[in-house]
Amino acid sequence: MTPVLDDAFICDSVPAEVMDQAWATGWRHFGRQFFRYSTQPASDGSLQTITPLRIDLASCTFTKSQRRVLSKNTDLRTEIVPAAIDAELRALFQRHKQRFTHNIPDTLETFLGPDPARGPCECRMVRVFDGPRLIAASYLDVGQHSASSVYGLFEPSDSKRSLGIFTLLLEIQHCRAAGLRWFYSGYATQEPSVYDYKKQFRSTQYLDWTTAAWLPLQGDGVSLRGSAA
């Protein structure tokens, strides 16, 4: 049986090597608020089991579908820069959040705090432009040997480009080029959910809350099995 966890604390500054340890034990953070939990209510009232995921960057290769996403977006301009929040990003977020019908976030600062450049750890952002127009962005925290994806947003009118997957692929490429070992792609659930796309990445592992061990996803990452399933 999966243990019930619901832990949180607040911290202003965390060294890079400690962030590696925190991610490895299931912690994430939004701004100064650190948290880890093993269950959450679904929109239908049922209880879902939360499962932290990470990708082994040394062995990760992209699927044919993921390579197609990269290929169809070669006309876009991309950059990775220190994290920031400005009026253009806030406006993009307001359009992006209209996609949601459950647990609708209030502001971009909900995930990043008022100034992500000031911590609690190093934060970078991916920006994607179609000509002069910003159409997608994502944020990732960087530790000593690993990184963690924080949040991604994109222009709903450009959804055919699969921009959420695209920025995640760019984050993975960036981390691999930087020589990092692990990329924490966030949480998914053992049950089917909107987060299932995170299970489709090769070399993905999940944290077994019972044993505190990271285990490989079975069958190309399409289902969760083993002691935590």
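These are my notebook entries on one predicted model.

**Ground rules**

I number residues from 1 along each chain as its sequence is written.

**Overall fold**

I looked up the secondary structure. The chain has five helices and twelve strands. These are DSSP runs numbered from the N terminus: helices are H or I with at least four residues, strands are E with at least two.

I checked the radius of gyration next. The value is 17 Å, close to the 17 Å from the globule rule for 229 residues, so the chain is as compact as a globular protein of that length. The radius is taken over C-alpha atoms, and the rule is 2.2 Å times the number of residues to the power 0.38. Along the principal axes, the C-alpha atoms fill a box of roughly 50 × 40 × 40 Å.

I then looked at burial. Of the 229 residues, 49% count as buried. Buried means under 20% relative accessible area, exposed means over 50%, and partly exposed lies in between (1.4 Å probe, protein chains only). The chain exposes about 11,100 Å², and carbon and sulfur atoms supply 53% of that area. Accessible areas come from the Shrake-Rupley method with a 1.4 Å probe; for residues, only the protein chains shown count as cover.

I also looked up contact range. Among contacts between residues at least 6 apart in sequence, 67% join residues at least 24 apart. A contact means heavy atoms within 4.5 Å.

**Helices α2 and α5**

Two packed helices are described by the angle between their axes and the distance between the axes. I looked up both for α2 (residues 64-72) and α5 (residues 163-177). Their axes come within 10 Å and cross at roughly 95°. That makes α2 roughly perpendicular to α5, a label for angles of 65 to 115 degrees; under 35 is roughly parallel, over 145 roughly antiparallel, the rest oblique. The axes are lines fitted to C-alpha atoms over the stretch in contact, with angles from 0 to 180 degrees between N-to-C directions.

I listed the contact residues. Helix α2 supplies Q66, V69 and L70, and α5 supplies I165, F166, L169 and Q173. By class, the contact has five nonpolar, two polar and no charged residues. Ala, Val, Leu, Ile, Met, Phe, Trp, Tyr, Cys and Pro count as nonpolar; Asp, Glu, Lys and Arg as charged; the others, Gly among them, as polar.

**T61**

I placed T61 in the loop between β5 (47-56) and α2. T61 is partly exposed, at 43% relative accessible area. Beyond neighbours within four places in sequence, T61 is in contact with Q66 and R202.

**Backbone checks**

Most residues other than glycine have a negative phi, and most peptide bonds are trans. I noted the following cases.

The peptide bond from G119 to P120 is cis, with omega near 20°. P120 sits in the loop between α4 and β7 (122-130).

S162 has a positive phi, near 55°. The residue is in the loop between β9 (146-154) and α5. S162 counts as partly exposed at 25% relative accessibility.

S203 also has a positive phi, near 65°. I found S203 in the loop between β10 (182-189) and β11 (204-208). S203 is partly exposed, at 24%.

**Two more residues**

E88 lies in helix α3. E88 is partly exposed, with 38% relative accessibility. Its C-alpha atom is 7.9 Å from that of L134, 46 residues apart along the chain.

T101 is in the loop between α3 (87-96) and α4 (109-112). At 79% relative accessibility, T101 counts as exposed. The C-alpha atoms of T101 and H29 are separated by 23 Å, at 72 residues apart along the chain.

Note on methods: Predicted model: local features only at pLDDT ≥ 70, side-chain atom pairs only at ≥ 80, totals over all residues. Heavy atoms only, no water.
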